[in-house]
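I am opening a page for a structure I have not looked at before. My notes follow in the order in which I looked things up.

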Amino acid sequence: MEKKENQFSQFGPCLNSEGYTASLEVGKVYRVIQNNEAASHGYIRVIDESGEDYSYTISRFHPIQLPITVEKALLSVSRA
């Protein structure tokens, strides 16, 4: 099953945690929450180590596309 072209990435690994080492871990894949307002200002919303979603500069992450089966598995774990 392929994703629609306009569907956003739901996950992204952290590339830089400088200043946020308690909230982010470099290399860890975080869930991305679509937020057009944040994106228009150069930010991305992610669920960080606190379990809440916060805005961080997009340069701290690299949004990735995962196979749908992997996304479903990760989403089911994050909602548990």
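How many helices and strands does the chain have? I count two helices and four strands, taking helices (H or I, at least four residues) and strands (E, at least two) as DSSP runs numbered from the N terminus. From the N terminus on, I read the elements as β-β-α-β-β-α.

Before going further, I note that this is a predicted model, in which local features need pLDDT of at least 70, side-chain atom pairs count only at pLDDT 80 or more, and totals for chains, interfaces and linings use all residues. Residues are numbered from 1 along each chain as its sequence is written, and side-chain values use heavy atoms, with hydrogens and water left out.

**Sheet.** I looked up the strand order next. The four strands make an open, antiparallel sheet ordered S1-S2-S3-S4; two strands pair if DSSP finds at least two bridges between them. Strand S1 (11-13) and strand S4 (53-57) are the edge strands, each pairing on one side only. From one strand to the next the twist averages 45 degrees, with axes as lines fitted to C-alpha atoms and angles running from 0 to 180 degrees between N-to-C directions.

**Pairings.** I went through the strand pairs in turn.
- S1 and strand S2 (residues 29-33) are joined by three bridges, and Pro13 has Val29 as its bridge partner in S2.
- S2 and S3 are paired over two bridges, with Val32 opposite Val46 in S3.
- S3 and S4 are joined by five bridges, and Tyr43 stands opposite Thr57 in S4.
- The hairpin of S3 and S4 has five residues between the strands, and there Gly51 takes a positive phi near 90 degrees.

**Glu18.** I found Glu18 in the loop between S1 and S2. Why does Glu18 count as exposed? Glu18 counts as exposed because its relative accessibility is 60%.

**Whole chain.** Of the 80 residues in the chain, 26% are buried.

Terms used. Buried means under 20% relative accessible area, exposed over 50%, partly exposed in between (1.4 Å probe, protein chains only).
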